[in-house]
Amino acid sequence: MQITKRNVELRVDDSLMRVYVASPKPAGVYPGIVFYSDIYQLGGPIIRLANYLAGFGYVVAAPEIFHRLEPIGQVIEPDDLGRMRGNDDARRTTIAEYDADCRAIIDFLKADISVAPNKIGTVGFCIGGHLAFRTAFADEVKAAVCCYPTGIPSGKLGKGVADTIHRVKEIKGEILLILGTLDPHIPESDRQTLIKAIADVGVPHKVVLYEAEHTFMRDDGYRYDAVAATSAWQEIVEFLGRVF
C-alpha cells in the first residue's frame, strides 16, 4: 500500500529526538513498530527499509539513536570515519538513555490514533537489533525482529555494560532473529549463546540463518545480498503478520 512520511520531535531527558514516521496512507488503525537503525542513523538505506515495512500496514517510528550527541537530521556516512564516529557515539550513550528513548517511542505510538495500542512491535539492525531486543522487555511489545544484533552476549551497547543477556526472561512476546553465518561481529559462539538464552526461558522464537555477512540487508554497501535480504523480508513480513 502507499505510505505517508513525516518527522516528529520527542523530548527525552531534555534532548530533542527526531523520529521519522512512515505510515500507511489509507485511513485505519495499524500495529506500531519501534524501528532502530544501525550506527549510521537515518540515511537512505535505513529510510528505505522503514518505508518498505510501512507499506505492509505498519506505523513505523524510527528515532535518531544518537540525538544527544549529533545535530538533528545528521546522517553518519558509512565509511571508515563514519564507522569510528558512530561507534564513538554508541560508546558515549548510556544504557539508561537508550532505554528512555525506547519508552518515549512506545508511548508515542500508543498515543497515535492510527496505532492499535495493543499491537506494538520492534525491528532493528546491528546495534539497532540489540536495541530492538531490549525493547522486547517492555510489556507492550508483542513481536521483536532483531537483524544481526550486535553485543548482546558481551553486553556491548553503550557506556557501561548492558545487562541484556541476563534479562531475557522479561520478554513476553515473540522473537525473530535474522543472522548471517559469515558475520564476524556475531560469531558462532555468540549466536549459540543468544539462541540458548532465549530457548532456556521458553521465549517463542524463530532463528533464520543466511550465508551472508554483517549488514547484508543494507542496500548501499558491498556486503548487500539481494537474495538473502529478500528472503529475510519475507520472513519478517510473515512473522509480524502472524503475531498481529
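Is Gln41 buried or exposed in this structure? With a relative accessibility of 1%, Gln41 counts as buried, where buried means under 20% relative accessible area, exposed means over 50% and partly exposed is the range in between, for a 1.4 Å probe and protein chains only. The model is a predicted one, in which local features need pLDDT of at least 70 and side-chain atom pairs count only at pLDDT 80 or more, while totals for chains, interfaces and linings use all residues. Residues are numbered from 1 along each chain as its sequence is written, and side-chain values use heavy atoms, with hydrogens and water left out.

**Overall architecture**

- The protein chain contains 6 helices and 8 strands, which are DSSP runs numbered from the N terminus, with helices (H or I) of at least four residues and strands (E) of at least two.
- Along the sequence these elements follow the order β-β-β-α-β-α-α-β-α-β-β-α-β-α.
- The radius of gyration of the protein chain is 16 Å, close to the 18 Å that the globule rule gives for 244 residues, so the chain is as compact as a globular protein of that length; the radius is taken over C-alpha atoms, and the rule is 2.2 Å times the number of residues to the power 0.38.
- Taken along the principal axes, the box filled by the C-alpha atoms of the protein chain is roughly 45 × 40 × 35 Å.
- Among contacts in the protein chain with a separation of 6 or more, 70% are accounted for by residues 24 or more positions apart, a contact being heavy atoms within 4.5 Å.

**Interior and core**

- Of the 244 residues of the protein chain, 57% count as buried.
- The largest nonpolar core has 88 residues, of which Phe35, Phe133, Met217 and Leu240 touch the most other members; such a core is a set of buried Ala, Val, Leu, Ile, Met, Phe, Trp, Tyr and Cys residues joined through side-chain atoms within 4.5 Å.
- Helix α3 (residues 95-111) supplies the largest share of this core, with 8 residues.
- In helix α4 (residues 127-135), 9 of the 9 residues are buried, so this helix is largely enclosed by the rest of the structure.
- Phe133 is one of the buried residues of α4, and, not counting residues up to four places away in sequence, Phe133 touches Cys146, Ile152, Thr164, Val168, Ile171, Ile175, Leu194 and Ile198.

**Loop residues**

- Gln41 lies in the loop between β3 and α1 (44-54), and its phi is near 65 degrees, a positive value in a residue other than glycine.
- Thr215, placed in the loop between β8 (205-210) and α6 (226-243), also has a positive phi, near 55 degrees.
- Thr215 is buried at 11% relative accessible area, and, leaving aside neighbours within four places in sequence, Thr215 is in contact with Tyr148 and Arg223.
- Ala27, in the loop between β2 (15-24) and β3 (30-36), counts as exposed at 81% relative accessibility.
- The C-alpha atoms of Ala27 and Ser114 are separated by 7.7 Å, although these residues are 87 residues apart along the chain.

**A helix residue**

- Arg83 lies in helix α2 (residues 80-92) and counts as partly exposed at 37% relative accessibility.
- Not counting residues up to four places away in sequence, Arg83 touches Ile39, Tyr40 and Glu77.
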